[in-house]
Amino acid sequence: GGIHSGQLLAPDQNREKVSQILSEMSNSKLAPVQETVISLVKTNSPADLAFLRGGSAELGVVPLKPIDRATDYGCICARGIWEGRWREEMCILYTKENHLAFYSPLMRKPDLVVSFEEIMSVRKCDPSSEASPLPGLHFLSVDTAWRCHYLAFLSTVERDNFLNKVNCALFHTSDSAVNSKLAPVWASYQMSLETSLTGNVGKW
């Protein structure tokens with residue numbers, strides 16, 4: 001049958017099952033089982049060592065929409081998809097188009113686009129090591145009216161750099177929006193002032 005609202009895709013269902021099995025195993029009181037789980041968790045695979053390192057080439061991301069190196073900004077981050085699942089993605093800040101685009105590996109089209117108009121705030125998140133979903137990484141949240149998009153970065157420098165870039169873009173976008181709204185008001189005021197002084201609607 002088809003996919004119903006709220007239903008997880010098959011790969012996500014499998015991940016949930018494996019996560020549940022590992023959780024149950026980790027709570028087992030049998031020493032051999034606990035040792036096996038701990039050894040699996042502590043073992044670093046090549047994928048672990050490459051996580052959040054590199055750029056679009058390493059993720060195989062070639063966006064259909066080109067990046068303007070003069071104004072746009074791209075970085076690698078991990079985005080929280082749902083509780084317990086994070087996906088390594090390429091995030092591109094398209095300054096002129098006023099949006100953030102998130103590309104999963106090997107994709108040319110974004111999985112998620114967040115327009116600047118949706119963003120209410122961008123803030124750092126510093127959970128304790130015990131509460132952190134990805135210990136050792138550094139977090140921020142892109143807050144919208146409907147959802148908080150949590151992002152993880154390899155270092156505080158990368159996280160803070162992204163935060164500054166986004167806040168700067170939001171500031172200039174907001175400033176431009178205010179100016180565009182004030183322009184008609186100022187023009188109307190000038191016409192009213194001219195009419196009151198000269199009695200004429202306009203110069204011509």
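1. Glu-16 is found in helix α1, which covers residues 10-26. Its relative accessibility is 36%, so Glu-16 counts as partly exposed. Glu-16 and Arg-85 are separated by 69 residues in sequence, while their C-alpha atoms are 9.0 Å apart in space. The model is a predicted one, and the values in this note should be read with that in mind.

2. On the overall fold: the protein chain contains five helices and seven strands. Along the sequence the order is α-α-α-α-β-β-β-β-β-β-β-α. Of the contacts in the protein chain with a separation of 6 or more, 45% are between residues 24 or more positions apart.

3. On burial and surface: the protein chain has 204 residues, and buried residues make up 27% of them. The protein chain exposes about 13700 Å², with carbon and sulfur atoms supplying 59% of that area.

4. As general background, nonpolar side chains in soluble globular proteins tend to be buried together.

5. Ile-119 is worth a look in the viewer. Leaving out residues up to four places away in sequence, Ile-119 touches Leu-100, Val-114, Val-142, Asp-143, Thr-144 and Leu-170.

6. Ser-141 sits in strand β6. Is Ser-141 buried or exposed? Its relative accessible area is 0%, and buried means under 20%, so Ser-141 is buried. The side chain of Ser-141 makes a polar contact with the side chain of Asp-143, at 2.5 Å. Asp-143 is also among the residues that Ile-119 touches.

7. Which residues is Ser-141 in contact with, leaving aside neighbours within four places in sequence? They are Ser-121, Val-122, Arg-123, Cys-125, Cys-148, His-149 and Tyr-150.

Key. Residues numbered from 1 in each chain as written. Predicted model: local features only at pLDDT ≥ 70, side-chain atom pairs only at ≥ 80, totals over all residues. Heavy atoms only, no water. Helix = DSSP H or I, 4+ residues; strand = E, 2+ residues; numbered from the N terminus. Buried < 20%, exposed > 50% of the residue type's maximum accessible area, 1.4 Å probe, protein only. Contact = heavy atoms within 4.5 Å. Areas by Shrake-Rupley, 256 points an atom, 1.4 Å probe, with all protein chains shown as cover. Polar contact = N/O pair within 3.5 Å; in protein donor to acceptor, adjacent residues only side chain to side chain.
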